[in-house]
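Q: Could you walk me through this structure, one piece at a time?
A: Gladly; here it is.

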Amino acid sequence: MKFVVNEEQQALGEALDDIIESAGGTKAARTWADGDTAGGRALWAQLAELGLFGLCVPESDGGMGGTAVDLAVAFERLGYHAVPGPYIETAALLPGLVAADVLSGIMDGSVMATAAVPGIAPYALDAAVSTHKFVVQADSIAAAESGPGIASVDRTRTLSELAAVGRGAALDPAAVTLAIDRATLACSAMLLGAGERLLAEAVSYAKIREQFGRAIGEYQALKHQLADVRVALTFARPLIHGAALDLGGPDRARSVSAAKIAAGDAANRAARVALQVHGAIGYTEEHDLGLWITRVRALLGVWGTPRYHYSRLAALLLAPTS
Amino acid sequence: MDFSLTDEQNELARTARAVLSRHATSAAVRAAAASETGYDVDLWRVLTEEVGVASLAIPEEYGGAGVTWFETGLVLEALGYSLAPSPLLGSAVLGAAAILESDDEDAKQRLLPGIAEGSSIAALAWADGHGQWNTASPSGLAATAGETWTLEGTATLVLDGGSADTIIAVAATPDGPGLFEVLDAGAVGRVNTPAVDTTLRFSTLTFSGVPARLLRADAAPALERIRDIAVVAVSCLQVGTAQRGLDMSVEYSKQRVQFGRPIGSFQALKHRMADMLLQVETARTTAWAAAWSAGTDAAELPERAAAAAAWCSDALDHVASETVQLHGGIAITWEHDAQLVFKRAHATGQLFGAAREHRRRLGGLLGITPQPAEASAERLDTAPATL
Amino acid sequence: MNLDLTDEQLAFAAEARAWLAEHVPAAPLPSMDTAEGFAAHREWEATLAGGRWSAVAWPEEFGGRNAGLVEWVIFEEEYYRSGAPTRVAQNGISLLAPILFEHGTDDQRTRYLRAMTDGSLIWAQAWSEPGAGSDLAAIRSTARRDEARGGWLLSGQKTWSSRAVWADRGFGLFRSDPAADRHRGLTYFLFPMDAPGLTVRPIAQLDGSTGFAELFFEDVFVPDADVLGAPGDGWRVAMSTAGNERGLSLRAPGRFCAASDRLIDLWKTGQYEDPVARDAVVDAWIKSEAYRLYTWGTVSTLQDGGDVGAEGSVNKVFWSELDIALHETALTLLGPAAELRGAPAPADGRWVDDYLFAIAGPIYAGTNEIQRNIIAERLLGLPRGGDGRRKS
């Protein structure tokens, strides 16, 4: 058993980092939040060129034929850089649910698609920027029109209710649940990336910021809070990669639920501690920290809250064996 | 509104603490717990005769001091701090509360003066075989009416049941729960059941056609109130023990040196002890408010008692675990009193219900109830739950 | 020990409740960190003053009711329960006024106190500096003597100045003796926000509002009449403010009781069944109630002539953490709708707005790390100086 990220996956992560950093890192998120989506869309096109949107599409369908672990690796980087846009929807949820022409548009980057999934993700992300909007039901998918945008705690996110247009196409319910779990996995990986970035920011700040004549990172109370975040993130990662490996198997639901819980807990803890370490400066809009703090808060509530996943996990683990 | 002790209350608490610090040394506590009665008879005499601890909540007409359950709570806090075993909770709280809640004037006149004086030890037989203190339909004992009532069955976790001369029992009757006075205490089978916390003495009592006198029929509301008084008393005991755990930890951390300086100067440990103090202070606040409500029969008693029970159990659990953590290995040795704090936390955390159960009960009192099962089932059919 | 209110106190509560029910605006006011919202909040202060509810604990000559501490806590509970607007005059009424009462001149009291109560004079506080946050004694902004004009010239930079964007006047500490170190040589000044040489730069927060600003002082003249307390005595004068901010006045229990009531309503109106979330809702009630009772204990201590002292730190840590837990519980209940802000969101997005406010709680008014140091050292008597690694 080899439970490590392989060289190709590492290279994928580094390629994503290079592209996003060359595009100005968090600049895309900041301009997107202010309503200027050009930078974010340019980044989208570059990532499409890298093959991000075809990662999990079989080679026979023109995709990269990658695994869900590749997806998790990629989404951790997206979270790390607070990249804006409906990536979870376009790259993780929809590829297995849409018609071939839309899928090829997704893969070449010309389609930016969003979706509403009643119950677990009832508000569609970035509908105004998206070229395609879908309502995904338990056994169908339909093109949709969006209502007015609603602001989110995360200023890079604008949400809308969708109304289906026409009857839509029937889907295999199993394909829908698989797609939702893949989206949940992508969301978990994004939370992990955001948590890693929050920790990295907090650690560098703790080394330079001085109070009472010494770096605040020397104070044991902050040091231990940071160490606890390290432990939480370190134990969330194997659950996410494990869930990625289980995505096609019988343990999919429970592994994905465990991953979302652990990633959400760790990222939320990271957000709290990073803010505490930064103090008031971390609470300002001009400091980047708020990008991840608010992103984490938004992602905790979508693709299943911790309580939803606890209930699902409990039902699966505690079901009487027959 | 005045959330501070009166001079008399301060004096009472001070006296109780002084007596206990003199008599309930670590060695004395251990000797008392290992003795046949399970408590220090001489200490009990001093506490009852000189301080009057068993008489506080009993009205003067029944030989009591006629103050309130709040004052009893202050003494329990001091007892909790000392970790000394004592029949105060079993006899002067549970036993006396049950008799006070009865309709039987004669029983009150006859039984309460001895309990107040400390010369008589009462016990309340209530919990069933699952260790549940059920107020609506107790299942451990059953009472049958005849020429006289007789009791049948088993009661578990009877505090001081082994040494009690007066036994009050909660038993099911065809018309709901009733409160009974056991007429022949000698006919009750008693087996002491050693507890994880050696400073609490429990017995299992078995009844086979034991004659009894009905003190109150239709006792469910009385049992609710007795339960509230009981959990308030336990909360006060827990506050004292939590304070002891904190003090012990602070003291130890000032003396124990590691890496060339007292461990109490390390910020991480300082902050943990600061959090322990937060727990102790808020626990005391909720326990005192609940005890005052019990003492004045305030309308908020059920909510305050449930809140105190949940909060104080959790607080002591937290403080006890931290006490062990801060002491390191010596905390789990027999010689060190930290293990007594730890065991007290775990034993009292189950007495009259776990924190979780009190929290759920409080939810019910506040109207925070789960939605009807039909509604939720229907919703789950139509859409994934969002929670 | 008596947790009942007297008939007079009950009557006082009823009077406040009735007045608030009649006067509290039906729709929430716009954020006070906008020009429009600031004006609306200022107007609300005038309305409050009309009913003599602005500062109930103050003497009548300054617009108060001479009410005791118990009545003050009662009023705060009623205030929050009624859903009344946040107090834009808080810096002045809660932080500055106690110092004016204690250290101010008659002239200062006459000029400033009454104007604080009716919204005509809103104050900004100017404590922190880029290098002096939790470590307030590290202040570097200076005050130079100007004998000719009979006053002082302030220079330097302040930050995290609340209400500064629209406030009328500000207050803060400046180093008047450059040779003195840390707590010594500081002086407490009152200054107009439109003074020549004073530049205000708003700081946008992660919730999008601009509740704070940076202040840049370039030889801002302050006459001697606006020195509060003696020159050089600023630290001692200011510390009673810090005690106030951290202790009772900033966080009356009414705020949390009202929030926990709203959380219970949220549970009752939603279709929730999760038992763990239910426990968390109950826990929010227990914590708010514990905080409320603990505050009554503090009030009793003060009434008996005692001092709050380091116990204010216990308050601060407890309320700031309960506030976060309470709001996280609400967001959990709201699920995917939790992140939404503004009108289409549940409760107009108030839960997430208040959550963002709550997560700042462990930072301001002295970080919780500082508070825990105080609790450990002053209440538990643990040794000082054990922070971090020892330097050789």
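A: The secondary structure of chain B comes to 12 helices and nine strands, where helices (H or I, at least four residues) and strands (E, at least two) are DSSP runs numbered from the N terminus. The radius of gyration of chain B, taken over C-alpha atoms, is 22 Å, close to the 21 Å that the globule rule gives for 387 residues, so chain B is as compact as a globular protein of that length; that rule is 2.2 Å times the number of residues to the power 0.38.

Q: Before we go on, what kind of model is this, and how are things numbered?
A: This is a predicted model, in which local features need pLDDT of at least 70 and side-chain atom pairs count only at pLDDT 80 or more, while totals for chains, interfaces and linings use all residues. Residues are numbered from 1 along each chain as its sequence is written, and chains are lettered from A and ligands numbered from 1 in the order in which they are written.

Q: What pLDDT does chain B average?
A: Chain B averages a pLDDT of 93, with 96% of the residues scoring at least 70; pLDDT is the predictor's confidence in each residue, from 0 to 100. Over residues 373-387 of chain B, however, the pLDDT is below 50, and this stretch has 24 contacts in the model beyond near neighbours in sequence, a contact being two residues whose C-beta atoms, placed from the backbone, lie within 7 Å.

Q: And the whole complex?
A: For the complex, the predictor gives an ipTM of 0.93 and a pTM of 0.92.

Q: Back to chain B: which strands pair with strand 7?
A: Among them is strand 3 (residues 149-159), joined to strand 7 (residues 202-216) of chain B by nine bridges and running antiparallel to it; two strands pair if DSSP finds at least two bridges between them. In this part of chain B, B:Leu159 stands opposite B:Phe202 of strand 7. Strand 5 (residues 176-182) of chain B also pairs with strand 7 in the antiparallel sense, over four bridges, and B:Glu181 stands opposite B:Arg213 in strand 7. Strand 6 (residues 189-193) of chain B pairs with strand 7 in the antiparallel sense over five bridges, and B:Val191 has B:Thr204 in strand 7 as its bridge partner.

Q: How much of chain B is buried?
A: Of its 387 residues, 57% count as buried, where buried means that 20 or more other C-beta atoms lie within 10 Å of the residue's own, exposed means 12 or fewer, and partly exposed is in between, with C-beta atoms placed from the backbone.

Q: Now the contact between chains C and B: how many residues does each give?
A: The contact takes 49 residues from chain C and 45 residues from chain B. Helix 8 of chain C gives the most to the side of chain C that touches chain B, with 17 residues. By class, that side has 28 nonpolar, 11 polar and 10 charged residues; here Ala, Val, Leu, Ile, Met, Phe, Trp, Tyr, Cys and Pro count as nonpolar, Asp, Glu, Lys and Arg as charged, and the others, Gly among them, as polar.

Q: And chain C with chain A?
A: That contact takes 36 residues from chain C and 39 residues from chain A.
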